[in-house]
Amino acid sequence: MSNLLIISLAAAAVFAIAALGELLEQRAGILNVGLEGVMLLSGTFGFIVAKTSGSYLEGFLVAILTGAAVGLLHGFFSITLGSNQVVNGMAIWILGFGLTTYIGYPYTGPLGLTPFPTMGGLPVFFFVALVLAVALWFLLYKTHLGLKLRSVGEDPSVAEASGISVTAMRYLAVLLAGMLVGLAGAVYSLVYNPVWSYNYLQGWGFIALALVFFSLWNPFFVIAGAVFFGVLWQLSLYPELLFPNVFSRYIWRAMPFLITIVVFVLLSTRWFRLRWGATKPEALGVAYQRES
Amino acid sequence: MRAVIGGYAIRIERRADVRWWHTALASVLAILVSLFLVGIAFVRVGADPLEVYSEIIKYAFLSEFGLPQTINRATFVLLAAFSLIVPLRAGLWNIGMPGQIFAATLAAFGVAYAFGAKTSVNAQISGVLVIPLMLLAALAASAVYGAIPGFLRGRLQVNEIVTTMMLNWAMVWIVAHMIREGGPFMGRTAEGEGFTLPTALRVPQVFDLPVTVYAAVVLSVLLTVFLTKTTLGYRIRTFGESPRAAEYAGIDATRISTLVFAIGGAFAGLAGFHYFLGVPGVYKIPKNYADFGDFSFYGLITGLIARNNPIAAIPVAILFGGVSGGARFMQGKLRLAFGIDYALLGVLMIMMVAFQALAQFSLRIERIVPAPAAQLERGESRVESPHH
């Protein structure tokens with residue numbers, strides 16, 4: 001049982017860090033549905049660099065830089081060119097899917113480094129996720145910069161009128177978000193499951209994306225949701241821990257995905273939607289063109 | 001957007017309307033750039049790019065074995081593209097092709113199973129009766145599996161991209177349950193793949209191609225007519241352009257989004273029906289079935305490149321169908337490293353998506369004619385009009 005909790009927290013760390021990144025940019029009005037693609041790219045490049053250099057540090061750095069670069073690419077299309085954010089996100093996902101397939105192919109297999117150290121048996125990155133959640137909450141709700149970031153996600157033209165550069169704020173948001181998502185990709189490919197294979201992420205990016213919608217754009221709810229999905233995921237891998245001999249193990253593997261949909265539906269009730277409507281960034285996914 | 005470099009102004013503007021030839025030209029350019037880029041990679045591994053490309057073309061389009069493979073794959077990709085195109089006309093994203101494909105495949109095999117098809121390849125079953133039943137079951141299953149995200153989106157505003165992706169992964173494991181470790185559809189001899197369909201239940205062939213190939217071509221015309229000439233097609237488009245305006249016009253959001261996803265799902269289902277029940281040499285759910293799920297995303301890219309036009313999707317689907325098979329053959333024949341076929345396809349797709357995005361913008365480079373500098377002389381008053 002305590003084993004289940006520990007491995008669940010390891011999975012939760014990946015979900016949480018990626019979702020915190022997405023939350024940050026969504027707060028500034030940028031929707032990136034290509035989260036899975038960003039994580040595939042950053043995780044793969046981080047994996048390749050760590051495997052060839054033998055250094056975790058270099059792997060993480062490259063992953064974070066990759067995430068930042070892909071985030072900026074999505075930002076360029078979405079902010080500067082003002083094209084449809086969903087289309088751009090899908091393009092990023094496909095780009096990640098195609099590009100990592102052939103770049104990563106020769107590196108298929110285990111990372112081959114000594115396992116990443118833990119904190120007395122507990123996954124380090126879960127604590128990193130906790131710290132990041134607090135930091136993000138502080139940034140968004142307690143600082144002037146956070147107020148500016150949120151305001152461009154609520155009403156860009158009013159923000160612009162009050163002297164905030166929407167473009168600068170949104171670029172800052174996609175840059176920071178890209179770094180966080182890149183870190184999440186590396187946590188998956190270097191720590192959680194350090195074996196590279198074709199399309200290795202198995203939909204985790206999409207679960208993280210769903211998590212942001214559940215969270216009412218609140219960093220602490222992201223952590224709670226991530227722990228829930230972490231437990232769910234591990235239970236699906238080791239159902240015998242709680243429910244021996246019920247269903248085949250393959251049906252259990254399908255469960256986290258089906259339960260995600262069920263949770264989504266439950267959260268779409270009238271009660272929830274009133275609150276959801278109240279916290280959703282008004283200008284989410286809407287391009288802003290300055291009147292000139 | 002405008003940038004000034006030297007004496008030139010570079011302006012990037014979104015085109016008011018993207019003409020078909022912009023798209024076509026962008027695609028051709030994308031292909032040429034990709035061939036050039038990958039050519040460099042081939043030179044680096046010591047292969048002659050021209051030889052490589054001619055091998056791919058010879059196999060995919062001119063050889064006796066390769067051509068039918070190209071056509072069958074292209075049909076699969078084309079039908080998967082339609083499953084993106086219909087919901088996207090309503091502004092909704094269907095990336096649930098893999099799930100819908102396997103929902104249909106499982107339903108069709110379920111009907112066959114119910115008629116005792118698992119017992120032997122020579123089972124005496126009436127194809128005339130059971131094949132239509134299998135087709136109906138397949139289309140119904142994939143339409144329902146497709147309709148779920150559409151309904152949730154229309155009724156509860158649940159993000160359809162997330163739900164379709166979740167349904168894909170759920171289905172991957174449901175298929176695994178059915179064909180592995182003694183699952184009901186497991187093959188008679190092989191572990192991890194489905195039972196082979198009896199000869200009597202295979203999709204009939206015309207000129208050595210499954211009838212589903214011809215059906216796909218006819219459907220591309222029908223779909224174009226449906227989307228452009230019918231009231232329902234018009235409503236779908238209106239909804240896609242502005243859900244709010246559609247609502248004022250009395251178009252029900254739940255009904256439209258459920259409908260487009262059901263139609264999209266049915267097309268994906270037909271793709272699965274075509275490949276697993278119609279393509280010679282397959283006739284079962286193969287071991288590497290999940291690869292077909294990923295392969296269906298080529299349909300997504302095809303739909304994007306064809307800019308939502310069912311007819312324009314045909315050449316793109318043929319390109320991907322041909323290159324995917326031809327590149328694998330070439331890699332074996334020329335003894336190149338594994339994965340180089342993915343390289344070619346990956347670059348091709350990325351370039352095509354990128355050029356499609358760029359085709360929406362016009363690039364104008366203009367020489368800045370220096371505004372006639374007002375030649376002020378001491379004491380002279382400023383000239384009011386710039387045009388003297």
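Predicted model: local features only at pLDDT ≥ 70, side-chain atom pairs only at ≥ 80, totals over all residues.
Q: Which helices of chain A each supply at least two residues of the side that touches chain B?
A: The contact takes 42 residues from chain A and 40 residues from chain B. By class, the chain A side has 28 nonpolar, 11 polar and three charged residues. The helices that each supply at least two residues of that side are H3 (56–80), H4 (85–104), H9 (204–214) and H11 (249–266) of chain A.

Q: How many salt bridges are there between chain A and chain B?
A: Over all chains, the count comes to three salt bridges. One residue pair, with both members at pLDDT 80 or more, is in polar contact between chain A and chain B. For salt bridges between chain A and chain B, the count is zero.

Q: Is Ile179(B) buried or exposed?
A: Ile179(B) belongs to helix H6 (residues 160–179) of chain B. Beyond its neighbours within four places in sequence, its contacts include Phe185(B), Met186(B), Ile285(B) and Tyr289(B). Its relative accessibility is 0%, so Ile179(B) counts as buried.

Q: How many residues apart in sequence are the parts tied together by Glu154(A) and Arg27(A)?
A: Glu154(A) and Arg27(A) form a salt bridge, with the closest N and O atoms 3.4 Å apart. Glu154(A) counts as partly exposed because its relative accessibility is 30%, whereas Arg27(A) is buried at 7%. Glu154(A) lies in helix H6 (residues 144–154) and Arg27(A) in helix H1 (residues 2–27) of chain A, so the distance along the sequence is 127 residues.

Q: Which residue meets Glu193(B) in a salt bridge?
A: Glu193(B) is buried because its relative accessibility is 14%. This residue sits in the loop between H6 and strand S3 (205–206) of chain B, and its partner, 91 residues apart, in the loop between helix H10 (253–278) and helix H11 (289–295). The N to O distance is 2.9 Å, and the partner is Lys284(B).

Conventions: Residues numbered from 1 in each chain as written. Chains lettered and ligands numbered in written order. Heavy atoms only, no water. Helix = DSSP H or I, 4+ residues; strand = E, 2+ residues; numbered from the N terminus. Buried < 20%, exposed > 50% of the residue type's maximum accessible area, 1.4 Å probe, protein only. Contact = heavy atoms within 4.5 Å. Salt bridge = Lys/Arg side-chain N within 4 Å of Asp/Glu carboxyl O. Polar contact = N/O pair within 3.5 Å; in protein donor to acceptor, adjacent residues only side chain to side chain. Nonpolar A, V, L, I, M, F, W, Y, C, P; charged D, E, K, R; others polar.
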